[in-house]
Amino acid sequence: MKRVVGLIILFFLFTIPFVLLVSFQSHDYPYDYEQLSEDERLVIRFSHVVGEDTPKGMAARKFAELVKERSNGYIEVQVFSNGTLYKDGEEMNALSRGDIQMIAPAISKLTNYVPEISVYDLPFAFHSLDEVHEFTDSEAGEILTDQLKEHNLYAIGLWDSGFKQLSNRIRPIQHYDDLKNLTMRIMPSDILAKQFTVLGAFPKEYDFNAVYYELQKKSVDGQENTLTNITSKNFYSLQDYLTISNHGYLGYFVLFNLDFWNSLDNDVKQLLTDTFLEVQQWEWEITKKLNDETLQKIENCQCIELHYLSDEDINSWEEKFNPVYDFYIRKYGDQFIKELPKFRSDT
Ligand code: SIN
C-alpha cells in the first residue's frame, strides 16, 4: 500500500510541473510575466530616430503598450526613440546584425536595398495619404515590400509621417525657379536628388540627426520634411521661409529582422500582426491630426514666413517634374509607376 501511495505522489510530483511548463510555453498568456527576467520574456528592441511626439514616436509607444498588455507582459517591445540607441545611418546595420529586432526607417532610406522602392519618392506621386495606402496594398506595393525579404527584412506594415514641405533661409519658395541654386538636405535617394537637380538646386545627403547642425552651420540652405519632423526637431527655428507644398510623401516601412520574425511562434506572430494592424489604422488617423495641429501652431506663432502653393502652382510644378519620372523609368522601368493611383484608369 505504502508503495502505491509513494508511486502516486511521485506521479504528481513529476507531472504537475510538466503540465505547467507546457501551458507556459504554449503562449496563451495566462500568467503575469512581470516577475520574469529579460531572458524569460520575449524582448523586441525597436529603435527609431524621431521624437516621441511625432506620429511614429506615438505609434511605437502604443504598439509596445498594447503588445505588453495583450501578452500579459510576456512580449516586451522596448522602444528607443530619437536615435538614442542607434542613429539614422546605423539602425539598418544593427537590425541586420540582430542587435535590434525592429525599426521603422523612412522609405527613402530603403532605396539602397530595393532601388525601385523610390517610386514612393517621386514628387507629387500621391495626392492623398489614402492613395499611398491604396498603392501599398496593391499587387505592385506587395512586390516591392516582398523584395525587402531578400535583404532579411520583413515589412509588417506602413506608418505615415505625412507630406513634405520646403523650408529654407534664403528666400520664399512659390515658383519652382525659387529653388535655383539653393542647397537642400535630402535623405539618401537618387529620386530625391533628381527632384532638386531638375530645379537647379543642389541636393546634399545628411542623416536626420545631423540636419539641425547642418542648417545651423549653413552647409545647407534648406530642407524638405513633414511638419511634425520640422517642429519636433526645431528645424524651423533656423529657417526663415516655409512653403506648404505637399510635394512628396514621407512614410515608413515598419521592419523586423526576417530571421527573428521567422523564429517566432505562430501565436506570437498573430498577436504582433493583429496589434500592428490596429495601431497602423490609429497612426494614419493621428498623422493627419498632428500635421493639421502643427500647421495651426506655425500659423499662430508667426515665427516663420509661410507660403502656400495654389492649385495652379501645383500644376506647373508637376509638369516641371516630368523629367524625374522619365529618369525613374529609364533606371527601373514602368512596372511600378504605372500602378500609381494617379496613372491608373480604373481609379
Ligand atoms: C524620419 O522621419 O524617420 C526621418 C526623416 C528624415 O530623415 O528626414
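## A tour of the ligand site and the disulfide

Select Asn229 and the ligand: a polar atom in the Asn229 side chain lies 2.9 Å from a ligand oxygen atom. Keep in mind that this is a predicted model.

How much of the ligand does the protein bury? Of the 260 Å² that the ligand exposes when taken alone, the protein buries 99%.

Now show the whole shell. Along with Arg185, Asn229 and Tyr252, select Val49, Val50, Lys56, Lys109, Met187, Phe208, Asn225 and Leu250; together these residues surround the ligand. Colour them by type. Six residues of the shell are nonpolar, two are polar and three are charged. Which cavity holds the ligand? The ligand sits in the largest one.

The structure holds one disulfide. Select Cys301 and Cys303, which this disulfide joins, with an S to S distance of 1.9 Å. A disulfide is a covalent bond between the sulfur atoms of two cysteines. Look along the S-S bond of Cys301 and Cys303. Is this disulfide left-handed or right-handed? The torsion is about -50°, so the disulfide is left-handed.

Last, switch to a surface view. Cys301 has a relative accessible area of 36%, so this residue counts as partly exposed. Cys303 is partly exposed too, with a relative accessible area of 42%. Partly exposed covers values between the 20% limit for buried and the 50% limit for exposed.

How values were computed: Residues are numbered from 1 along each chain as its sequence is written. This is a predicted model: local features need pLDDT of at least 70, side-chain atom pairs count only at pLDDT 80 or more; totals for chains, interfaces and linings use all residues. Side-chain values use heavy atoms; hydrogens and water are left out. A residue is near a molecule or strand if one of its heavy atoms lies within 4 Å of it. A polar contact is a pair of N or O atoms within 3.5 Å; within protein, one must be able to donate a hydrogen and the other to accept it, and residues adjacent in sequence count only if both atoms are side-chain atoms. Accessible areas come from the Shrake-Rupley method with a 1.4 Å probe; for residues, only the protein chains shown count as cover. On a 1 Å grid over the protein atoms alone, a cavity is a set of points where a 1.4 Å probe fits but cannot get out, and a pocket is an open set with protein on both sides within 12 Å along at least five of seven lines; lining residues have an atom within 4 Å of a point. A molecule sits in a cavity or pocket if more than half of its atoms lie within 2 Å of its grid points. Ala, Val, Leu, Ile, Met, Phe, Trp, Tyr, Cys and Pro count as nonpolar, Asp, Glu, Lys and Arg as charged, and the others, Gly among them, as polar. A disulfide is a pair of cysteine sulfur atoms within 2.5 Å. Buried means under 20% relative accessible area, exposed over 50%, partly exposed in between (1.4 Å probe, protein chains only).
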